[in-house]
Amino acid sequence: MGFYFLLNQYGQDGFTVRGTITDEFDQPLIGVNIVEKGTTNGAVTDLDGNYTINVSGPDVTLEFSSIGYLSEQVAVDGQSVINMNMVPSMEELSEVVVVGYGTQKKADLTSAISTVSTETIQETPLSNTQSLLQGKASGVKVMANSGSPGSSVNVTIRGNLSLGEAQPLYVVDGIPMSSAGGGADNGFGINSLNPNDIESIQILKDASAQAIYGSRGSNGVILITTKRGKAGEMKVNLNAYYGIQTLARKIDVLDKAQYREYNLIVDNDEDTDLHDPEAYAQLPDYDWQDEIFDNSPISNVQLSISGGDENSNYMMSISNNAQTGMVNTSGYNRTNFRLNSDHQVRNWLKVGESFMVTYSNRDRVQESGAGYSSITANPVMAALLSDPLTEAYNDLGEWNYMRTATFNGAGLRDRANYRYQNKKMNGSVYSEISFLNDFKFRTNLGVDYNTGEVREFLPAFEVIGSPRNEAQLVPTLKQNTINTTYLIMENILTYNRTFGKHSFSLMAASTVESWDQYFIEGKNNSMLSNADNFRYFDAGDPDEITLDGGADYWRMYSYLGRATYNFDERYLLTASVRQDASSKFGPENRKGVFPAFSAGWRFTQEEFMQDVDWIYNGKIRFGWGQVGNQSTIGTFRYTTPIAINANYLFGIPKTIYSGVTAGLNYPAGYGSPGSSGIPGNKGLTWETTMSTNFGLDLSFFKGSVSFAADWFQKENIDMLLVTSVPLYTGSGAPTVNGGKIVNNGYELEVGFHKSRGVFNFDISANMSHIKTDVVDLAGQSDLFNSNRITAGNEASRTIEGGGIADFWGYKTDGIFRSLEELKEGPYQSNAQIGDVRFVDVNGDGIITGDDQTVLGSPIPNYTFGLSANTQYKNIQLNLFFQGNADYQIYNNTYRLMMGRYGLNKHVDILNSWSWGNPDAELPVVQDNSRHDNLVLLSDRWLQDASYLRLQTATLSYILPDNLTSKIRISNVKIYVTVQNVFLLTNYKGFDPEIGKSVSWKPDPLDMGVDNGNYPMPRTYIAGFNLTF
Amino acid sequence: MRYIKILTILSLTATMLLQSCDESFLELDQPIYPALETYYTDSATAFEGLVGCYNSFTNYNTGETTLRYIWDLDIRSDDTDYAGNPRGVVEEQNYYKASGFANFDILADNVHAYGVWEVCYNGVNTINKYLEGMNSTSFPVSQQPLVEQYKAEAKVIRSYFYFLLVKNFGPVVLYTNSLSQDEWYSQSRQEESLVYAQIFKDLREAKELLPLRSDYGDAMYGRITKAAAQTLLAKALITEAEIDGSSPNWQEAYDLCREVELSGEYNLNTLHEDMWKVAGQFSSEFILDIIVDEAFDSEKDSYIHGLSPRYYFDANGVPKHDRKLEFGFGISGITEDMANQYGYYQGYDSLQWVNLTDSRGKITFWTRWERYTDEQYIIVDELTSRPETTNPHATDDANYYLQKYSREKLATLYWSAGSNMHLIRYAETLLIAAEAAYYLGNEEEARRLVNMIRERAFRPAINDGRTTLAEVEINSSGKQLLEDIWQERRLELAGEGDRFYDLKRTHRLHILKEKKPEILFQEGKHELLPIPASELALAPNLTQNPGY
């Protein structure tokens, strides 16, 4: 990144300037751009920091710029040697930032864009691109859905504004990366990218930046730029690390002695061993968390080769990331290849490409789902709910049956055989033609081809004697393949011109996109054997095979344009507009226009600020724009489809005739696109987000202290939602435009940079606050209940006047401790002394369903991150903290661990009320069918989830030059990293970072419920980075 | 020069690109699911859509059977009574509010009222969508008559649904096109006369386009015939006018029924006890049937499951010795009042059956003290030994069950009875004609028609000499004749879902409270069902029926 070609070589026989550029440590600085001011004539420094440039005469001015350093302008004044010591810039004002369909200088930006830079990416050995974003930029909320290897991460930019799946649009090297269908948790999307290939990430947060992506930008746009070769000697980089993942936190469950104590308190007569001290002494004291969670390895190897000359450059890399989960049948293995190159074919023609091929394999164990039996059929949950008196295996090495009606967690783990395989090719080729000095015409052809495969084999097994009846008599196999092909062609014409202090940039482009998907799914419920080589369809009863398949597709074309103008880098204006036409909508509603406007005033450029030394840069920004969203609905929702399933009989004898119906509520088959849209809605169109952003950028003291603040409001118009219609329409629930959600909030970013010779200190921090108001749901509040805990009991609901997926239920107020208290309070049926006292919210004197209310929210009100980097000579220490505050988790695991006897318990239960323990804080533990303590969803199971985590601590050492030069290695860095070092929280589960449910087709509103979620490991990593 | 070349290339490229992006690029066909607007192109596809319309009689793909409610609704009458779960059980209150029909404890969220409303409009929407699709296509001229006939069939089915709606809810939402988004919530209820006008219009047009049953032949048994449209029209005519307070068009009703009689397509040759068996389900008596078959889809005729008694026969029809009842909710039981109309008195004398000369009694109900096997009813033991049940939905607190539609043996599939559902029988055509003839002043014709019914009902007893034709024939006149025709309707059509509407149209609903003073029946309220409460919440223009 950041070098120029000599675009205009001829006719420059005037004057030659040469020199050496050094950095703040007097080390040569590579890749500094030197441009003759007002021209495109430029040069770039080589490995030794040297440059040579032919300029048109001895009186010109040279501009020196390099990312991370303050740009300098030097009048040549006849000097033929100009050496320069560049001053680092915290502010990176001269940095070129990738915006949609182009770049802009950071100083000239007028919209809200956050950047995650190369350095930040390199500091964090992470296998997941989405995790890289966590805590690194304000306004970006990143919540892991699960700690299982390869699982997806939930990324939200400036809050949810939609009731559907609201993922940001990822654009890699200018090409949108298609997230293939089949659920969010399959790794088909952005996680197939190798984070080490990433040069920088830009996050477009407000509509004035997003609008250039039109109907797909409203959930935010994440622009990813991958690394490219640089002119100079070939560089070989080898980066490898190895680590161990361990369980970060154990939950205090009852041990053997406590288990007995507790069971005696609750009069458990079922298990006679509890009442026989001698027999009890013979029983083991088993730690199920130790059984289920192993220390497990993680490794990563990456080799990249890059280089180039003035005309061509290349970067190729191969990497492998392998990890085994703490639950050892889960794991993830990904291999990436990448090739990026650019070629200056003629001085007016440049071509190049970026290509990636990825192969990944993800093994899963059962994770949280809905409904009691499937929740507990989860090894993580089983680790907590299994009694401490039973070992995982018996003497024969078979799975032991449990004393109580739980699953043997080791069995759940050992049997797991869900494999997600994914093969992706993603890339593009381009050509760029320069003409008439100021024009460029660029054509991109991009492709994203993905084959995802899910294979699920359930082996036959039996746990002899299990009270849970754990057995499956016949093995079953399910396998599906989803093929997705996304093609895009873009033509972009740009014009840049500077007249004196006026600088213009115009861009016009057209894009054409097509997306095709087909899938096939087979099932055989009668397989012959569990043997590994029998886990294919032919090894099953051929009569039991069922086969489904289908296809889906959409097309889109767009025209877009943008104009930016700045006067003296003081007054900045940007306006853009995009028109989309999408096949997802009917002919009357296909086209949408998305305008945006933004303006900035760099008041530090004004005359009156020239004497104010301590303010280095100051800018006020304002942006407004409209962006669309069409990702929350499927295709063909505007048509009324014919369904082929309405048969009838005629005749003597009766004979079946096949019939069809249209627009009725018929069940949708797996993945059958559009079929569940029921009646077509010809009027359907995208939802539109209108957003306003005010921003302030300040930096002080030569840029060593920086500050940025943004305030925004986002308002959703014509929100897409599945509504219900009156029965008299005879139709099922159609998709409509209706409803409104408003988000507003603010974001702060601060930075501090101090450099004293060999000592370097950097700190940057950010925080965001977002508030979401559900204003209007087209009167459909009842529809948006989610997080089913038990049948008919949803832990959260989205209602008008509330937030998205607010927790819902009864408030509690301690427990009843006396007969008087029972008599005084509002009437609560079934209540006895020792029971939970529910709050009579509506004050009608009786506890009923009407007393349920909003109890909390799974969405953090505050999100923050802090990164501190200290360097002394060759030693570097990097600490990264991250956290979320002011939100709750519905801890369903804890609820199950606080129930009646049977399952193992949280140690808290020893503090339960009983006649012998009347001062206890927690209610009596009794048969849950008689008391409402457990049955009713209440704030007892909501726990404050605010946390602060030291996410990574890295200590690295760069070998001194005099050592490395002897072995002809230019750079050696060795490092040790600990991830998830510590966690400060009051939360009583494994980890309060819980995003969305990870089921196959998750309900987008199903978030913040801990159903024994796979915990985040603590990882110890050691690695090195060699550059030849 | 170079720039000129480049510019030329550029402008060419740009032009090409812009042109390639015309609207056709976005015109896609949905995979697997063709679009309604373009699907019906010939008589073959049109027939598929027609089959889909018929399908709305049976299964709406929700696992629920569309028209089981027809029978449940008659629990309001004095013919049938609720015989399912004990009243007051929680599950019962939530799911099977048919119990409320028995004593008119009907709330605005009554599940069965909701169900009738829903399934009828599902049918209406299916047919509207079908007609919309058909009307957006121009068929080849040679296929036009067939296409018109298909549309006529669909309209008869729609009329059936609107008739059921208007009888139960009074003014209802009326539409004959598919609704667009801005119309979904804005509908209001239309006057009954407008709903009837639509029914009459559809049926009058349809009957001219529909074939006779013999034209269809055996292969198409079950299709909507001319006679089906005629009888349904006659029935709607006499129902609407009485509700409206005006005088029915007795002449048109009479003429319609008389045309059916004169067509020679139907007769009363089949004895009752044969007609209600699987073997007799294709009798020449049936004018409008819903064709169901257990072998085809067990759920399609699950109305039996809701309607009929629990069974205690095995797969061969042999009574189970442990007497455990299986299957069937038995929601619709026969009242003692109804049973007594045939001259049956509760007791243990097995000879009572023999003494019943009206063969319909034996087929209309059975008692819980008896078993049916080897073609005979056997009185079992004492009241105290009534069978126990393994069916959680059944408690067996009814004494008389509807015997029509009862299963002859334990079906292989869970819910099935294996027999067609009979919506309109020829006997009803004759009874409408008899009533019309009476009002037209032709008492002799009325007696002729009603005695055709009686002759068939008593034929077995006449044949074996227990009674004579003269003894059973009706000779009354004047008001008594009308009462006799009404009574004959009750005896003949018992348990077939019409009694409540008959009482309503003849302004005799007051007898319900006279017979059972404990019921909550209120005049001016319970003639109609409540509009489902959820509808009122969604559609602001809807109004609730009075009293709910």
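Which residues does S138(A) touch, not counting residues up to four places away in sequence? They are S114(A), K205(A), E747(A), L748(A), E749(A), N766(A), M767(A) and S768(A), where contact means heavy atoms within 4.5 Å. The model is predicted: local features need pLDDT of at least 70, side-chain atom pairs count only at pLDDT 80 or more, and totals for chains, interfaces and linings use all residues. Residues are numbered from 1 along each chain as its sequence is written, chains are lettered from A in the order in which they are written, and side-chain values use heavy atoms, with hydrogens and water left out.

S138(A) sits in the loop between helix 2 (129-132) and strand 11 (140-144) of chain A; helices (H or I, at least four residues) and strands (E, at least two) are DSSP runs numbered from the N terminus. Its relative accessibility is 2%, so S138(A) counts as buried, a term for values under 20% relative accessible area (1.4 Å probe, protein chains only).

Between the chains, 76 residues of chain B are in contact with 75 residues of chain A. The buried area is about 6,500 Å², with 66% from carbon and sulfur atoms; this is the accessible area (1.4 Å probe) that the two parts lose on being put together, summed over both. In chain B, L26(B), Y33(B) and W184(B) lose the most area to chain A, together 11% of what that side buries.

The count between chain B and chain A is 1 salt bridge, meaning a side-chain nitrogen of Lys or Arg within 4 Å of a carboxyl oxygen of Asp or Glu. E27(B) forms a salt bridge with R590(A), with the closest N and O atoms 3.1 Å apart.

Definitions and conventions: Buried < 20%, exposed > 50% of the residue type's maximum accessible area, 1.4 Å probe, protein only.
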